[in-house]
Amino acid sequence: EKGFLMDIKKKNYAALKKVFDTKNLKLGSYTSWSMIHDARHMTFVLSRYKFVAKMLQGRKNVMEVGCGDAFGIPIVAQNLCREGVLYALDWEESFLEDNRERLRFLNNVKFIHHDMNCKALDEVKVSAIYLIDVIEHVESDKEDLFMNNMIASYENKENAVMLIGTPNLTAAQYASEQSANVHINLKDQNDLNTLLYKYFNNVFMFGMNDEVVHTGFAPMSHYIWGMGVGLKK
């Protein structure tokens with residue numbers, strides 16, 4: 001019996017050793033800053049990506065606009081269908097160069113240098129698009145152009161899905177100085193609902209506080225989500 005237990009321990013350790021021997025991954029610049037200055041914010045970011053992954057589970061081709069250092073992208077990539085591809089766009093090439101190196105183990109992710117503020121990406125067609133902490137950085141007078149440039153990438157209007165996550169305007173009084181300086185287009189839930197209804201037949205709204213997604217009283221949500229489904233003709 002003692003020998004049997006020792007064999008089990010050896011097998012268990014052998015399994016764990018595969019984990020111990022895994023090469024350490026580096027963090028991107030945004031995420032490294034969070035780790036040093038506001039580590040709990042990393043859990044909020046990952047929760048947002050988990051929500052997107054659940055909403056888009058099983059989709060084939062998906063696009064993220066404004067991927068930054070791609071901290072949460074593995075969560076979404078894991079939930080696509082087997083043949084699915086995640087196209088991760090950003091206007092900053094230095095992010096993408098670093099992402100391609102750090103996240104080269106993600107075989108179903110393609111990082112693309114592109115600015116949706118300027119033009120559409122005609123060569124890529126997808127069924128779903130998502131934005132996390134992006135729309136608040138888009139100049140309000142360029143918002144329609146930005147939206148139409150993204151919409152040009154849908155392969156099928158009827159099945160098109162767009163998820164937009166952004167800090168709530170009603171929580172702006174609690175924002176850090178850094179956030180306040182760069183958030184030039186904040187929205188409350190009504191604003192986001194109105195924006196999406198301009199382009200989609202169906203819109204679903206959610207609130208989020210820390211890691212919790214809900215349908216509670218919108219003004220008390222720190223973060224808000226809008227999901228548009230089915231493009232208007």
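## Ground rules

Helices (H or I, at least four residues) and strands (E, at least two) are DSSP runs, numbered from the N terminus. This is a predicted model, in which local features need pLDDT of at least 70 and side-chain atom pairs count only at pLDDT 80 or more, while totals for chains, interfaces and linings use all residues. Residues are numbered from 1 along each chain as its sequence is written, and side-chain values use heavy atoms, with hydrogens and water left out.

## The chain as a whole

The protein chain has 8 helices and 8 strands. Its C-alpha trace spans about 70 × 40 × 35 Å along the principal axes. Of its 233 residues, 44% count as buried; buried means under 20% relative accessible area, exposed means over 50%, and partly exposed lies in between (1.4 Å probe, protein chains only).

Contact means heavy atoms within 4.5 Å. Among the contacts in the protein chain with a separation of 6 or more, 68% are between residues 24 or more positions apart.

Two strands pair if DSSP finds at least two bridges between them.

Strands β4 and β5 run parallel and are joined by 5 bridges; for instance, Leu131 has Ile164 in β5 as its bridge partner. Strand β6 (residues 200–209) runs antiparallel to β7, with 3 bridges joining the two, and Gly207 stands opposite His214 in β7.

## An enclosed strand

How many residues of β5 are buried? The count is 7 of the 7, so β5 is largely enclosed by the rest of the structure. In a regular strand the side chains alternate between the two faces of the sheet. In β5, Val161, Leu163, Gly165 and Pro167 point one way, and Met162, Ile164 and Thr166 point the other way.

## Helices around the sheet

The buried residues of α6 are Glu143, Phe146, Met147, Asn149, Met150 and Ile151, and they pack against β1 (61–65), β4 (128–132), β5 (161–167), α8 (189–197) and β8 (223–231). Asn149 itself has a relative accessible area of 9%. Leaving aside neighbours within four places in sequence, Asn149 is in contact with Met116, Asn117, Cys118, Lys119, Ala120 and Leu121.

Not counting residues up to four places away in sequence, Ser221 touches Asn168, Thr170, Ala171, Gly207, Met208, Asn209 and His214.

## Out on helix α1

Finally, visit helix α1 (residues 2–20), where Leu16 is found. Leu16 is partly exposed, with a relative accessible area of 44%.
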